[in-house]
Amino acid sequence: MSRAALLVLADGRFPAGGHAHSGGAEAACKAGRIHDAATLEDFCRGRLHTAGLTAAALAAAAALGLDPAVLDAAADARTPSPALRTAARRLGRQLLRAARATWPAAELEALAAAFPRGAHQPVVLGVTARAAGLGPGDAAHVAAYESVGGPATATVRLLGLDPFEASGVLARLAPELDAVAARAERAALRARSQGPDALPAASSPLLDISAEVHADWPVRLFAS
């Protein structure tokens with residue numbers, strides 16, 4: 001298992017397209033739900049335990065080698081917002097493009113052929129982790145971190161929040177992130193015998209509603 005590959009995959013500079021998405025933070029900032037470090041921490045904690053947990057479990061299951069088509073359908077079922085489904089597939093397409101150039105592998109080529117318009121990003125992340133020699137726990141950690149790292153970085157740009165404060169938020173959430181990743185990995189292991197219904201389906205209705213509102217804005221800084 002390559003720890004260096006894990007660092008590459010988790011690096012915000014990896015050209016996977018995440019910098020163009022706020023993870024719901026832009027809509028939350030406009031609505032006043034995020035306005036300082038404390039409210040950013042609350043937002044990230046909620047996102048970690050809902051969307052983050054679901055994404056981490058899907059990524060871990062894909063890293064274990066579960067059928068990506070089955071997992072993609074499971075991701076669709078867990079994403080009621082059309083705007084978020086579109087964003088997830090756009091991010092998946094961009095991640096797959098970067099992954100194929102970085103870790104050439106037959107399973108990445110097969111995924112690209114099966115989903116020319118893009119599979120859900122967590123599924124692509126898990127297959128990419130597998131191609132890079134990483135395990136399900138690694139994939140779960142990357143997905144969980146992305147669920148909070150994206151909003152934290154976006155809030156620095158949206159509100160001019162002190163980046164030191166944003167980093168502090170992520171550091172304080174680290175123990176919870178580890179716990180979420182471990183829970184996601186356990187669920188993925190169960191899914192090998194029980195199927196995708198064993199994966200979490202944590203809901204976040206406010207994120208879904210905000211995503212639909214955000215998608216209709218004529219001017220916005222982030223794609224989602």
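Two residues are in contact when heavy atoms of one lie within 4.5 Å of heavy atoms of the other. By this criterion, and leaving aside neighbours within four places in sequence, Leu71 is in contact with Leu58, Ala61, Ala62, Leu66, Val123 and Leu199. The structure shown is a predicted model. The protein contains 10 helices and zero strands. Its radius of gyration is 16 Å, close to the 17 Å that the globule rule gives for 224 residues, so the protein is as compact as a globular protein of that length.

**Overall form**

- Read along the sequence, the elements follow the pattern α-α-α-α-α-α-α-α-α-α.
- The C-alpha trace spans about 45 × 35 × 35 Å along the principal axes of the protein.
- Among contacts between residues at least 6 apart in sequence, 81% join residues that are at least 24 apart.

**Surface and charge**

- Buried residues account for 52% of the 224 residues in the protein.
- The accessible surface comes to about 10,200 Å², and 57% of this area belongs to carbon and sulfur atoms.
- The protein carries 22 positive and 21 negative side chains, and the centres of these two sets lie 4 Å apart.

**The nonpolar core**

- In soluble globular proteins, nonpolar side chains tend to be buried together.
- The largest nonpolar core of this protein has 71 residues, of which Leu9, Leu40, Leu71 and Leu199 touch the most other members.
- Helix H3, which covers residues 37–64, gives the most to this core, with 16 residues.
- Leu199 is also one of the contacts of Leu71.

**Residues of helix H3**

- Glu41 is found in helix H3. Its relative accessible area is 13%; this is under 20%, so Glu41 counts as buried.
- Beyond its neighbours within four places in sequence, Glu41 is in contact with Val169, Arg172 and Leu173.
- Thr50 also belongs to helix H3, and at 15% relative accessibility Thr50 counts as buried.
- Not counting residues up to four places away in sequence, Thr50 touches Ala202, Ser203, Ser204 and Leu207.
- Gly52 is another residue placed in helix H3, and at 0% relative accessibility Gly52 is buried.
- With neighbours within four places set aside, the contacts of Gly52 are Arg47, Ser147 and Val180.
- Gly52 and Ala202 are 150 residues apart in sequence, while their C-alpha atoms are 8.9 Å apart in space.

**The loop between helices H9 and H10**

- Pro196 lies in the loop between helix H9 (163–194) and helix H10 (205–215).
- Pro196 has a relative accessible area of 27%, and is therefore partly exposed.
- Leaving aside neighbours within four places in sequence, Pro196 is in contact with Val70, Ala74 and Arg78.
- From C-alpha to C-alpha, Pro196 and Leu71 are 6.8 Å apart in space, although 125 residues separate them in sequence.

**Helix H10 and its cover**

- The buried residues of helix H10 are Leu207, Asp208, Ser210, Ala211 and His214.
- The cover of these buried residues includes helix H2 (25–30), helix H3 and helix H5 (82–102).
- Leu207, one of the buried residues of H10, is also among the residues that Thr50 touches.

Key:
Residues numbered from 1 in each chain as written. Predicted model: local features only at pLDDT ≥ 70, side-chain atom pairs only at ≥ 80, totals over all residues. Heavy atoms only, no water. Helix = DSSP H or I, 4+ residues; strand = E, 2+ residues; numbered from the N terminus. Rg over C-alpha atoms; globule rule 2.2 N^0.38 Å. Buried < 20%, exposed > 50% of the residue type's maximum accessible area, 1.4 Å probe, protein only. Areas by Shrake-Rupley, 256 points an atom, 1.4 Å probe, with all protein chains shown as cover. Lys, Arg positive; Asp, Glu negative; His and termini not counted. Charge placed at Lys NZ, Arg CZ, Asp CG, Glu CD. Core = buried A, V, L, I, M, F, W, Y, C linked by side-chain atoms within 4.5 Å.
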